[in-house]
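Have the sequence and the model open side by side as you read.

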Amino acid sequence: MDRKKSFCGLWPFRASLRASGRGGHIFKIASLSVETKPKKGFTLIEVALALAILAVTLSGLLLTYVSMFVLTDMQRDHALASNALLARLEEIRAMGFDDISTAAGSFNLTDYGFPANQSSRGRVDVVTSFSGYPTTLTKVRLVACYATRLNRTVGEDRNFNGVLDSGEDVNNNSRIDSAAEVVSLIAK
Ligand SMILES: [Ca+2]
Ligand SMILES: [Ca+2]
């Protein structure tokens, strides 16, 4: 077996061996050349593609966060407006039956806990006579219109004056409507 060939074949690198001196038994490693694979990095296109994917993912997460924030804000304001309407309704219920009609008109939601730093207005409509019901029943409808903390207007009374002005009646039913509404029948 050729020792030189065998030696070079076993090592992971190539070595050239050269005999020197008498008898030729001393070997010196004259040079070593290590075989290495070329380094693999990311190309500019790969980096740009990764950044684009990251940007799309992050923008999606940000959009979800903003949507959740807006939804939470709207739920909070709706709860405050509904609580204000219920508090006003309790006052009306405590009135004498024949005096309930005097409660009709606008009122301040801020008097019932709605934040003063947000524009708002409540309104009470009282119907004392309506078809299909006895005269011993009065229908009371309370509605709240307000601006949210993010300045979105809820309800048709966009200028918060408690009156249905020209251009405010979006659904053309001749009354102020809003997502925050309470209706109750009060018996004599
Ligand atoms: Ca108005
Ligand atoms: Ca309307």
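How many residues does the largest nonpolar core have, and which of them have the most contacts inside it? Keep in mind that we're looking at a predicted model. The core in question has 16 residues, and the ones with the most contacts inside it are A81, A84, L85, L109 and A144. Two elements each give two or more residues to this core: helix 2, running over 44–93, and strand 5, over 137–147. Strand 5 supplies the largest share, with six residues.

Now zoom in on L85. Leaving aside residues up to four places away in sequence, L85 touches G122, L142, A144, A180 and V182. So which residues does F107 touch, counted that way? Those are R88, G122 and V124, which puts G122 on the contact lists of both L85 and F107.

F107 itself sits in strand 3, residues 105–107. As for F107 and G122, they're 15 residues apart in sequence, yet their C-alpha atoms are 5.1 Å apart in space.

Finally, a word on confidence. The chain has a mean pLDDT of 84, and 80% of its residues reach 70 or more. Over residues 4–21, though, the pLDDT is below 50. That stretch does have 23 contacts in the model beyond near neighbours in sequence, but where pLDDT is low, the predicted coordinates should not be read in detail.

Note on methods: Residues are numbered from 1 along each chain as its sequence is written. Chains are lettered from A and ligands numbered from 1 in the order in which they are written. This is a predicted model: local features need pLDDT of at least 70, side-chain atom pairs count only at pLDDT 80 or more; totals for chains, interfaces and linings use all residues. A nonpolar core is a set of buried Ala, Val, Leu, Ile, Met, Phe, Trp, Tyr and Cys residues joined through C-beta atoms within 7 Å. A residue is buried if 20 or more other C-beta atoms lie within 10 Å of its own, exposed if 12 or fewer, and partly exposed in between; C-beta atoms are placed from the backbone. Helices (H or I, at least four residues) and strands (E, at least two) are DSSP runs, numbered from the N terminus. Two residues are in contact if their C-beta atoms, placed from the backbone, lie within 7 Å. pLDDT is the predictor's confidence in each residue, from 0 to 100.
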